[in-house]
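Q: Hi! Could you walk me through how some of the helices pack here?
A: Happy to, here it comes.

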Amino acid sequence: MKKLILLFKVKREEWQASALTLVMLLALHALVIASNFELFTKTNVGHWNVFVKNFTVSGFDPITYSVVTHWTTNYNVYRHPLLAFMVWPLSQLDAWLMDATGMNLVQFIVAVPLLLCAFYTFIFMFRIFRDIIRLGRFDSALLSTMLFSMAYVMVSAVVPDHFCISMFLLVFTIYVSGMKMQAGRTFKIWQTIVLFFVTAGVTLSNGIKTVLYSLFTNGRKFFRLKYFLFAVLLPSALIWGFARWEYRTFSLPKEKANKAVAAKKNAENRAKMFKAFRDTTALTDSVEIKKAFDTEMKRRAHAKYLRDRQKPWNKHTGKPMAEGGFMKWTDATTSRLATAVENLFGESIQLHQDYLLQDTLRSRPVIVPYRWAANYVVEALLVALFAAGIWCGRRSRFMWMALSGFAFDMAIHLGLGFGINEVYIMGAHWLFVMPIATGFLVKAAEGRRASAWLRGALALLTAWLLAYNLTLFVGYLA
């Protein structure tokens, strides 16, 4: 426990490096809270609908606001199996504060862990550069700040979704893995189990990355029967079994109740419509009346189907590779090249001025081009630095470990098409790999004439991203 406490003790040089980012995050949180303060602090309204309808920042869902206000397992239990239980203490705190103040302070309560996760993401990124890649203080601070200048790291850090928490957990796990590699140590079984349950509990895909990181850290020892059985197979089976239990216990009864209510309402509406049709039709035979009514209802259902196909939540979703199970969330038709240019390495890092922070399921097209050529120049430079960093770090096991998580994300997003229509909102799961790779380029350039030019280019790119993204994000919130 003492080692864990010391791990989170912030050093003086880390406070200095993080000061600018910390001030920025505090200001952005204040703007997010202020944008819906009067409405969200009310305690006498139906909060699920209020939160979903009024919190509109890209494709992020304010489910956490709802769960903390009135606790229930509203998250998708197969993708976020433990998240509802993790925020339960916040729900109890919110209930106590509502009784004490007469206000729903959920925005402030949720902002605290988000701010802590974002802050410690910066700290552990700084330590990755200082302690593992062995960069100087300025370069470490610059690359850490660059991460938080990227659009969907900046946005994820202040919206009430799980992405900022996932980013912190992944960066923390990468740091711990890197330090173990340096010391020639491996993950113990209990350490892997704890990291797996915490990371996978927030988002199941995080658990897969934790397994990948432990594979690179432990090497051949990963496949020893005792470790593989108790640190990998057993926790995986347990969390999947828990998700199944959670679904049957909490989600399935609600789904059945909602379907029953909807079926009853549809039956009542159909009965009213049949009565109105029977009273106005010129037909007299009951069989003919029912036949004509059924034909009219089929025509209306088909017309509704055609209208729904033109709505964003259908129009902006590609055709799945297969129906049923997890495959229903895949996408076989959305352009991968356009997605990579405009969204994956585009919107994730630089916001688009058109359709600014709008939701693809409401109004934003899937592919939006930039107005300025400068945005594409910046994107090309960042991708080039990323690629050059990978080349410079090609002999580093730590580099390949970090890239394994990135490769997994690319496989599910660009390969299977999971979430591809809004792939940028998942940026916090992998964007930190870009500055990590760039750190190996900076390390390779140390002591050479190109070092000053590279440092200057990184400083200019970071300044551009901060100014550009902050201007648009603050303008949107204000």
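**Helix packing and core**

A: Helices α11 and α19 are roughly antiparallel to each other, because their angle is over 145 degrees. This is a predicted model, where local features need pLDDT of at least 70, side-chain atom pairs count only at pLDDT 80 or more, and totals for chains, interfaces and linings use all residues. Residues are numbered from 1 along each chain as its sequence is written, and side-chain values use heavy atoms, leaving out hydrogens and water.

Q: What's the angle between α11 and α19, and how far apart are their axes?
A: The angle is about 155°, with the axes 10 Å apart; α11 covers residues 163-183 and α19 residues 397-415. Axes are lines fitted to C-alpha atoms, for helices over the stretch in contact, and angles run from 0 to 180 degrees between N-to-C directions. Helices are DSSP runs (H or I, at least four residues), numbered from the N terminus.

Q: Which residues of α11 and α19 meet?
A: Ile174, Ser177, Gly178 and Met181 in α11 meet Arg397, Phe398 and Met401 in α19, where contact means heavy atoms within 4.5 Å.

Q: New topic: which residues have the most contacts inside the largest nonpolar core?
A: Ile128, Phe432 and Phe473, in a core of 121 residues. Such a core is a set of buried (under 20% relative accessible area, 1.4 Å probe, protein chains only) Ala, Val, Leu, Ile, Met, Phe, Trp, Tyr and Cys residues joined through side-chain atoms within 4.5 Å. Helix α8 (residues 106-132) gives the largest share, 16 residues.

Q: And what does Phe432 touch?
A: Leaving out residues up to four places away in sequence, Phe432 touches Met125, Leu147, Met167, Leu170, Val171 and Ile174.

How values were computed. Buried < 20%, exposed > 50% of the residue type's maximum accessible area, 1.4 Å probe, protein only. Helix = DSSP H or I, 4+ residues; strand = E, 2+ residues; numbered from the N terminus. Parallel < 35°, antiparallel > 145°, perpendicular 65-115°, else oblique.
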